[in-house]
Amino acid sequence: MPWLIARLVRTGFLTLCLLGAVGSMAQQPTTLVVPQLGEPKTLSPNFASDSLGFAPTSNIYSHLVAIDWGVNKGTGAYGDLAESWSTSPDGKVVTFKLHKAAKWHDGKPVTAADVKFTYDTIIAKKYPAFVVLKNVREVTTPDDHTVVLNLIDPEIGFVPMLAQVSTWTAKIYPKHLWSDQDGFDKGPYVIAPVGSGPFRFVRWEKGGLVELESNKAYFRGPAKVDRLVFRQVTDVNVARAEFDSGRLQFLNYEYAPPLAEIVALRQDPKVRVVFTPSHFSRDIQLNLTRKPLDKLEVRQAIAHAIDREAMNRLAFGGFWKPATHASVESQGDLINRAATFPAFDRAKAEALLDTAGLPRGPGGWRFDISVTNPNCPDCKAMMQVLVQQLRQVGINAKLEQFDQATWFRRQAEKNFDISCYFTRYGPDPDAYREHFMTGGGRNNMSYSNAEFDQLATRAATLPDKAQRRAIYQQLQGMIVRDLPYINLFNEQKTTIIRAGWSGFNTEPEAFDKAITWFGYYSVVPPGK
């Protein structure tokens, strides 16, 4: 048969076959496995603050507008279902134009009626995204691809804050599938969601994994990852072993290795280490309803007992940047640099506790207190150091740790003394209201200051940037004075990625493309 092979080569047929085979091998389906510290409670994110459901549902559902780590280079919001938007001169009407090619995973078109149905339900039921949508008086739909939000009061930061909350909730639901349900907490789509995002739901294996597949009809074009699996890995050491063996393609910041290992990891050609700055801080919240934390002198003493430099050295190997203001560096000229938290001074801490009527008693202890944290490595490391620093001034601090869902629930219930937290200061400084205003959605500290509330509410309506900046700097001064929380560090995300993979949400090439902090639409596997 040599003559046949020679003839095939001359005609180019064999060459085409070989190229086809190589191309076929290069385009083998790819799977990205995302480890999670636990299992979702639901795959209907709009009715529940379910931290472990955020990642899968952010890839299944679309949002009107979105935000990701690109916020650190100045992007406060970008369009997801919204192709464009405009705000009326009085700041009370926001009009969104929708992408006409967007379709639900069952093939039906996404329309303005779906957005109205979703937002009307969230507002009526006061679901978590109500924290932003409570200022919406009415949602109207002039046509199938136009959504108009009529606001009660002018709100300059409305669109960025809507993008922010959409990272977790405010996902757009299909009206034709949900309209016969009373809310978003029951029915078949709570566990088998139908969205319009870059990935389609395949299955939820309880206690194990949530599997998604690429939505080939996605209006922005299909993702380069064919299969996306969110798998429960509760032990960070197990996750690291699976990463080292190649079974996991990356480890996000929840599984970040000790920073002492970073130098060695950077020398490994099979691994990339990515540091991502943040507009969040790492801080502690103080529950003002718990004695003796209701006394300002005690909160001041705790602030003086904290040695940020030692904490940075012991917890982060010196890689993090201590924060002494009620903001983070990404906020630039919004920071009130004259308002600083009390500096480390152990003798002053002891004196303040004596003045507060809390002398050292038997065993040298002044009072007992519990310290807790979310289930992430940086908070764990910080709180271990904090416990020792508080004990050095006679506060008998004890560390309590819970699974992620329990920690979130206890925070919302205000069932804690001191907890590590992650205050955010953007994408618009109106975020201060959510954290520090009386009754704010993240005001777990029960902080209440009528002057703060009045000024923060006024700042949200002002179009003049200089006026807003002056008020937000004044608010920071109040927070530093009253100490409902104590800022400790500028947060920094650490991600380790296997060589050949790119476009993860913490990388600059994914900024303004990942679609939420939990998005994997922008990931590029090896060979693609």
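The axes of helix α10, residues 296–305, and helix α12, residues 346–355, come within 8 Å and cross at roughly 160°. That makes α10 roughly antiparallel to α12. Angles under 35 degrees count as roughly parallel, over 145 as roughly antiparallel, 65 to 115 as roughly perpendicular, and the rest as oblique. The axes are lines fitted to C-alpha atoms, for helices over the stretch in contact, and the angles run from 0 to 180 degrees between N-to-C directions. Helices are DSSP runs of H or I with at least four residues, strands are runs of E with at least two, and both are numbered from the N terminus.

Before I go on, a word on the source. This is a predicted model, in which local features need pLDDT of at least 70 and side-chain atom pairs count only at pLDDT 80 or more, while totals for chains, interfaces and linings use all residues. Residues are numbered from 1 along each chain as its sequence is written, and side-chain values use heavy atoms, with hydrogens and water left out.

Back to the first pair. α10 passes α12 in a left-handed crossing. Left-handed here is when the near helix is turned anticlockwise from the far one by less than a right angle, and right-handed is when the turn is clockwise. On the α10 side the contact is made by Glu-297, Val-298, Gln-300, Ala-301, His-304 and Ala-305, and these meet Arg-346, Lys-348, Ala-349, Leu-352 and Leu-353 in α12. Contact means heavy atoms within 4.5 Å. By class, the contact of α10 with α12 has 6 nonpolar, 2 polar and 3 charged residues. For the classes, Ala, Val, Leu, Ile, Met, Phe, Trp, Tyr, Cys and Pro count as nonpolar, Asp, Glu, Lys and Arg as charged, and the others, Gly among them, as polar.

The next pair is α11, residues 308–316, with α13, residues 377–391. Their axes come within 9 Å and cross at roughly 130°. That makes α11 oblique to α13, and the crossing of the two is right-handed. Ala-310, Met-311, Leu-314, Ala-315 and Phe-316 in α11 meet a set in α13 made up of Asp-378, Ala-381, Met-382, Val-385, Leu-386 and Gln-389. This contact of α11 with α13 divides into 9 nonpolar, 1 polar and 1 charged residues.

Then α16, residues 450–459, and α17, residues 465–482. They pack at an angle of about 155°, with their axes 10 Å apart. α16 and α17 are therefore roughly antiparallel to each other, and α16 passes α17 in a left-handed crossing. From α16, residues including Phe-452 and Leu-455 meet residues in α17, among them Ile-471, Tyr-472 and Leu-475. The class count for α16 with α17 is 9 nonpolar, 2 polar and 3 charged.

Now the open space. What is the volume of the largest pocket? About 1100 Å³. Of the 46 residues that line the largest pocket, the closest to its centre are Phe-54, Trp-168, Phe-408, Phe-422 and Arg-442. Two or more lining residues come from each of β1 (31–36), α3 (54–60), β12 (271–286), α14 (404–412) and β17 (485–498). The largest share, 6 residues, comes from α14. The lining of the largest pocket has 24 nonpolar, 10 polar and 12 charged residues.

On terms: the search uses a 1 Å grid over the protein atoms alone; a cavity is a set of points where a 1.4 Å probe fits but cannot get out, a pocket is an open set with protein on both sides within 12 Å along at least five of seven lines, and lining residues have an atom within 4 Å of a point. Grid points are joined across faces, edges and corners, and a volume is the space filled by probe spheres set on the points.

Last, the backbone. Most residues other than glycine have a negative phi, and most peptide bonds are trans. Lys-291 and Pro-292 are joined by a cis peptide bond, with omega about 0°, and Pro-292 lies in the loop between β12 and α10. Another cis peptide bond joins Gly-426 and Pro-427, with omega about 10°; Pro-427 is in the loop between β16 (418–421) and α15 (431–436). Ile-515, not a glycine, has a positive phi of about 65° and sits in the segment after β17.
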